[in-house]
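Me: I would like to go through a predicted model with you, one question at a time, keeping to what can be computed from its atoms.

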Amino acid sequence: MLPLDEIRTLLNEHDDPVHRERPQNFDKEASARRFTLLTAALERRFGRSGGAGLYQDASVYGRFSVADGTGSAGELWVELSNFGGFVTAGTGTDWSADGAADLSAEFETWLDEVCTAAGCVFVPLQLLLEPYDGPTATLVDDDRYFLEVLAALGPDGPGGTEDEDEDEDDDEDLQAVWCHRYFDYV
């Protein structure tokens, strides 16, 4: 696997606020080939129990899921981004530290080798959970703006009451991470 600092550099180099869904020089055929190679390798490893799906209006190209999963967090998933041939993986239903920790070192090494052979770059989920401070607006930014508008309506919000404890949790949820840039809807 590439050193994390090199991967961070690649993430920054591919960030383009003008092209949120896919880069200007997006190669549809190359992405289709990469996804086919990834899913074929995953099917060889996990059998036909896996399922693959493609996305629209997103910076993620496609996702392969294995319902039985590989650990305590549940379903295993592997995603390919429209940018940089970036690939990440986790378990469970969303991006989380638990979903990242549930992957074995053996699986990550295997996936990194598959990615290299397919012309992709494996990006560990732990790195993608780091705060995103790049120039591209994410859905998290849209959510934050919406909440700021609601807050401007008054201290009680539009419904008449406001729970301070929920606001503290919302602030944590409103921190964009690198997953939002390269593996999310736009």
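The questions below move from the overall fold to salt bridges, a helix residue and a pocket.

Me: In what pattern do the helices and strands follow each other along the sequence?
Reply: This is a predicted model, and its secondary structure comes to eight helices and five strands.

Me: What share of the residues of the chain count as buried?
Reply: The chain exposes about 10,100 Å², and carbon and sulfur atoms supply 49% of that area. Among contacts with a separation of 6 or more, residues 24 or more positions apart account for 66%. Of the 186 residues, the share that counts as buried is 40%.

Me: How far apart in the helix are D5 and R8, whose side chains meet in a salt bridge?
Reply: Side chains of opposite charge can pair when their charged atoms come close. For D5 and R8 the N to O distance in the salt bridge is 3.0 Å. Both belong to helix α1, which covers residues 4-14, and because they are three residues apart there, their separation is about one helical turn.

Me: Is D5 buried or exposed, and into which class does R8 fall?
Reply: The relative accessible area of D5 is 56%, and because exposed means over 50%, D5 is exposed. R8 has 26% relative accessibility, a value that lies between the 20% and 50% limits, so R8 counts as partly exposed.

Me: How many residues apart in sequence are the parts that the pair of E130 and R8 ties together?
Reply: E130 forms a salt bridge with R8, with the closest N and O atoms 2.6 Å apart. Since E130 lies in the loop between α5 (125-128) and α6 (139-152) while R8 lies in helix α1, the parts that this pair ties together are 122 residues apart in sequence.

Me: Where in the chain do R181 and D15 lie, and how many residues apart are they?
Reply: R181 forms a salt bridge with D15, and their closest N and O atoms are 2.7 Å apart. The pair links distant parts of the chain, with R181 in helix α8 (residues 178-182) and D15 in the loop between α1 and α2, at a separation of 166 residues.

Me: With which residues is T39 in contact, leaving aside its neighbours within four places in sequence?
Reply: T39 lies in helix α2, which covers residues 28-46. Its relative accessibility is 12%, and because buried means under 20%, T39 counts as buried. Once the neighbours within four places in sequence are left aside, the contacts of T39 are A52 and F64.

Me: How many nonpolar, polar and charged residues line the second largest pocket?
Reply: The second largest pocket has a volume of about 150 Å³. Its lining includes F26, L54 and Y55 as well as E21, R22 and N82. Sorted by class, the lining has six nonpolar, two polar and four charged residues.

Key:
Residues are numbered from 1 along each chain as its sequence is written. This is a predicted model: local features need pLDDT of at least 70, side-chain atom pairs count only at pLDDT 80 or more; totals for chains, interfaces and linings use all residues. Side-chain values use heavy atoms; hydrogens and water are left out. On a 1 Å grid over the protein atoms alone, a cavity is a set of points where a 1.4 Å probe fits but cannot get out, and a pocket is an open set with protein on both sides within 12 Å along at least five of seven lines; lining residues have an atom within 4 Å of a point. Grid points are joined across faces, edges and corners, and a volume is the space filled by probe spheres set on the points. Ala, Val, Leu, Ile, Met, Phe, Trp, Tyr, Cys and Pro count as nonpolar, Asp, Glu, Lys and Arg as charged, and the others, Gly among them, as polar. Helices (H or I, at least four residues) and strands (E, at least two) are DSSP runs, numbered from the N terminus. Buried means under 20% relative accessible area, exposed over 50%, partly exposed in between (1.4 Å probe, protein chains only). Contact means heavy atoms within 4.5 Å. Accessible areas come from the Shrake-Rupley method with a 1.4 Å probe; for residues, only the protein chains shown count as cover. A salt bridge is a side-chain nitrogen of Lys or Arg within 4 Å of a carboxyl oxygen of Asp or Glu.
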